[in-house]
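Please consult the sequence and the structure while reading.

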Amino acid sequence: MKIEIWSDVMCPFCYIGKNNFEQALEKLPFKDEVQVEWKSFQLDPTLDPKETKNTIEYFKEKKGFPEAQAQQMIGQVQQMGKSAGIDFNFDKALITNTFPAHKLLHLAKKYNKSNVMEEALFIAHFIDGKNVGDLQTLISIAESLGIDNTETEKVLTSEEFDYDVNQDIMEARNNGVSGVPFFILNGKYAVSGAQPVELFASALQQTYDETVLPLKHLSDHGASCDTDGCEI
């Protein structure tokens, strides 16, 4: 069963959604049959990749919120994070253009490491206060996951994977996705937002029951032919 997840590295609800989704999946008996594919999405592609802002600055400039309202919203997200096992550190988080981080995620996908890379980038941004738009920071993160420095630098300083990132973003637009996280469950159902663990578990179970089990029953009982002949 395939799960596609559109996400952005600087989206706190994407991190919360990831944790809740993984907690739900861990409880299900078919967890080893699930393939997760992370898809790129940029909340603010207008940001300068050479600049960073702190979270309060960004809310005030981009959303027009007064500081008190921004602080209140951040506090609410921190409480949601704690419920999902995340200790957000918004005082250190650096807001920047995440396109380079998405290129790194596509490189990680090449080595079947996109899930651990997604987690590493969330930790770098939300916990450690690292600049996820910075070349050396991203090279260091990739190296910690066993990805060659030279290859990472080549990817980040060239147009390699630019097309892949843009394709993900276009696919999201074509699917009517305007916010993240956004989950498509085996091409049948969509789940939007950082939903509770119980909702993810229910949606995953329903999707499995409706899209995977019927095919299993057909393969168990249907007549078929192979290179040795046909059986009924």
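A cavity here is a set of grid points where a 1.4 Å probe fits but cannot get out, and its lining residues are those with an atom within 4 Å of such a point. The model is predicted. In this model, helix 4 contributes four residues to the lining of the largest cavity, the most of any element.

**Fold and dimensions**
- The chain contains 10 helices and eight strands.
- Along the principal axes, its C-alpha atoms occupy a box of roughly 70 × 40 × 30 Å.
- Among contacts in the chain with a separation of 6 or more, 73% join residues 24 or more positions apart.

**Burial and surface**
- Of the 232 residues in the chain, 46% are buried.

**Charge**
- The chain carries 36 negative and 21 positive side chains.
- The centres of these two sets of charges are 4 Å apart.

- The volume of the largest cavity is about 50 Å³.
- Two elements, strand 2 (35-40) and helix 4 (99-110), each give two or more residues to the lining of the largest cavity.
- The lining of this cavity consists of Trp-38, Lys-39, Ser-40, His-102, Leu-105, His-106, Lys-109 and Ser-114.

Note on methods: Residues are numbered from 1 along each chain as its sequence is written. This is a predicted model: local features need pLDDT of at least 70, side-chain atom pairs count only at pLDDT 80 or more; totals for chains, interfaces and linings use all residues. Side-chain values use heavy atoms; hydrogens and water are left out. Buried means under 20% relative accessible area, exposed over 50%, partly exposed in between (1.4 Å probe, protein chains only). Contact means heavy atoms within 4.5 Å. Lys and Arg count as positive and Asp and Glu as negative; His and the chain ends are not counted. The place of a charge is taken as NZ of Lys, CZ of Arg, CG of Asp or CD of Glu. On a 1 Å grid over the protein atoms alone, a cavity is a set of points where a 1.4 Å probe fits but cannot get out, and a pocket is an open set with protein on both sides within 12 Å along at least five of seven lines; lining residues have an atom within 4 Å of a point. Grid points are joined across faces, edges and corners, and a volume is the space filled by probe spheres set on the points.
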